[in-house]
Amino acid sequence: MTPQQAERALVDYFLWLDRNPDGVTDSLKVTNCFHLLRSVIADDVPGDVVELGCYQGRTSVMLSLTNTALSGGRGMSLYDSFEGLPALSSEDEPTNGQGMYQEGQLAAPMAAVQSMLYNYTGQYPAIWPKCSGVTLHPGWVEDTLHRQLPARISFAYVDLDLYGPIKHALAAMYERLSTGAIVLLDDWDYVRLPGVMQAVGEFLADKPESVQRLPCPYQAYFVKL
Ligand SMILES: C[S@@+](CC[C@H](N)C(=O)[O-])C[C@H]1O[C@@H](n2cnc3c(N)ncnc32)[C@H](O)[C@@H]1O
């Protein structure tokens with residue numbers, strides 16, 4: 001796929017997202033990913049792109065198309081249990097009595113992500129495990145990240161929903177983030193997932209970075225200093 005083809009495919013893909021809502025990832029969230037990834041590519045921040053919690057691959061497709069359309073040339077790694085959420089902890093319990101998420105919720109087979117990438121980017125043939133710069137890493141992030149994260153990271157989308165996995169992911173990633181790397185955080189200030197803000201707040205408490213809220217529901221980011 002050429003950069004020009006990827007550019008056209010991006011427009012079609014945004015339209016497709018609006019026509020096919022899944023209640024998890026909408027075109028507004030994906031638009032934030034697009035702009036933030038574009039800015040690290042424009043600023044030439046070195047390192048790969050990672051998505052921690054890729055679920056069905058809706059954001060992964062956009063990250064891959066953007067990387068191609070903007071000639072980012074970065075490797076891309078996707079991480080997910082493909083078994084849904086792990087057990088929740090007390091930090092994940094909503095204080096307002098709203099229903100908790102459940103262990104096993106949001107499970108999607110790895111084949112779903114592979115076929116999304118294949119259908120929309122044409123760059124991921126139905127073979128495992130690696131092609132055209134996109135690598136899938138099935139398993140719990142607590143088991144995979146330390147050994148399987150790229151050495152340098154320029155952009156990370158952290159969408160793991162829960163306190164424990166997010167705290168673990170930030171610790172595993174932090175030293176690998178290039179200066180200027182962007183870490184986009186999903187479910188920021190989302191009342192049903194209070195563990196997200198708590199995990200990030202605790203992790204950054206003794207670090208120089210601070211979180212910027214985005215002008216859309218439930219997303220925020222920080223830049224590695
Ligand atoms: C909200 S979904 C991600 C949505 C996706 N980023 C998108 O844009 O469509 C959260 C994902 O995190 C995964 N997840 C949560 N905790 C995990 C853990 N400890 N290890 C691996 N995957 C985990 C779940 O399996 C689920 O697919």
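In which loop is Tyr218 found? Tyr218 sits in the loop between strand 7 (212–213) and strand 8 (219–223). Before I go further: this is a predicted model. Back to Tyr218. Its phi is near 75 degrees, which is a positive value in a residue other than glycine. Tyr218 counts as partly exposed, because it has 17 C-beta neighbours inside 10 Å.

There is another tyrosine to look at. Phi of Tyr55 is near 50 degrees, again a positive value in a residue other than glycine. Tyr55 belongs to the loop between strand 1 and helix 3. Is Tyr55 buried or exposed? Tyr55 has 23 C-beta neighbours inside 10 Å, so it counts as buried.

Now the whole chain. Seven helices and eight strands make it up. Of the 225 residues, 43% count as buried. Now take the contacts between residues at least 6 apart in sequence: 73% of them join residues at least 24 apart.

Next, strand 1. How many of its residues are buried? Five of five, so strand 1 is mostly covered, using the cut-off of 20 or more other C-beta atoms within 10 Å. In a regular strand the side chains alternate between the two faces of the sheet. Here both faces are covered. Asp48, Val50 and Leu52 are buried on one side. Val49 and Glu51 are buried on the other.

What does strand 1 pair with? Strand 5 (residues 153–158) is one partner, parallel, over five bridges. Strand 2 (residues 76–80) is another, also parallel, with four bridges. Find Leu52 on your screen: it stands opposite Tyr79 in strand 2. Then find Val50: its bridge partner in strand 5 is Ala156.

Follow Ala156 one step on. Its bridge partner in strand 6 is Val183. Strand 5 and strand 6 pair in the parallel sense over five bridges. Strand 6 (residues 177–186) is mostly covered, with seven of its 10 residues buried.

Let me stay with Val50 for a moment. Val50 lies in strand 1, residues 48–52. Why does Val50 count as buried? Because 30 other C-beta atoms lie within 10 Å. Which residues does Val50 touch, leaving out those up to four places away in sequence? They are Ser77, Tyr79, Leu149, Pro150, Ile153 and Ala156. Compare Leu136: Val50 and Leu136 are 86 residues apart in sequence and 10.0 Å apart in space, C-alpha to C-alpha.

For contrast, look at Ala171. Ala171 is in helix 6 (residues 163–173). It has 13 C-beta neighbours inside 10 Å, so it counts as partly exposed. Ala171 and Met100 are 71 residues apart along the chain, and their C-alpha atoms are separated by 25 Å.

On to the core. In soluble globular proteins, nonpolar side chains tend to be buried together. How many residues does the largest nonpolar core have in this model? It has 62. Val158, Ile166 and Val183 have the most contacts inside it. Helix 2 (residues 27–42) gives the largest share of this core, seven residues. Take Ile166 as an example. Leaving aside neighbours within four places in sequence, Ile166 is in contact with Val158, Leu160, Val196, Ala199 and Val200.

Notes. Residues numbered from 1 in each chain as written. Predicted model: local features only at pLDDT ≥ 70, side-chain atom pairs only at ≥ 80, totals over all residues. Helix = DSSP H or I, 4+ residues; strand = E, 2+ residues; numbered from the N terminus. Buried ≥ 20, exposed ≤ 12 C-beta atoms within 10 Å, placed from the backbone. Contact = placed C-beta atoms within 7 Å. Core = buried A, V, L, I, M, F, W, Y, C linked by C-beta atoms within 7 Å. Pairing = 2+ DSSP bridges.
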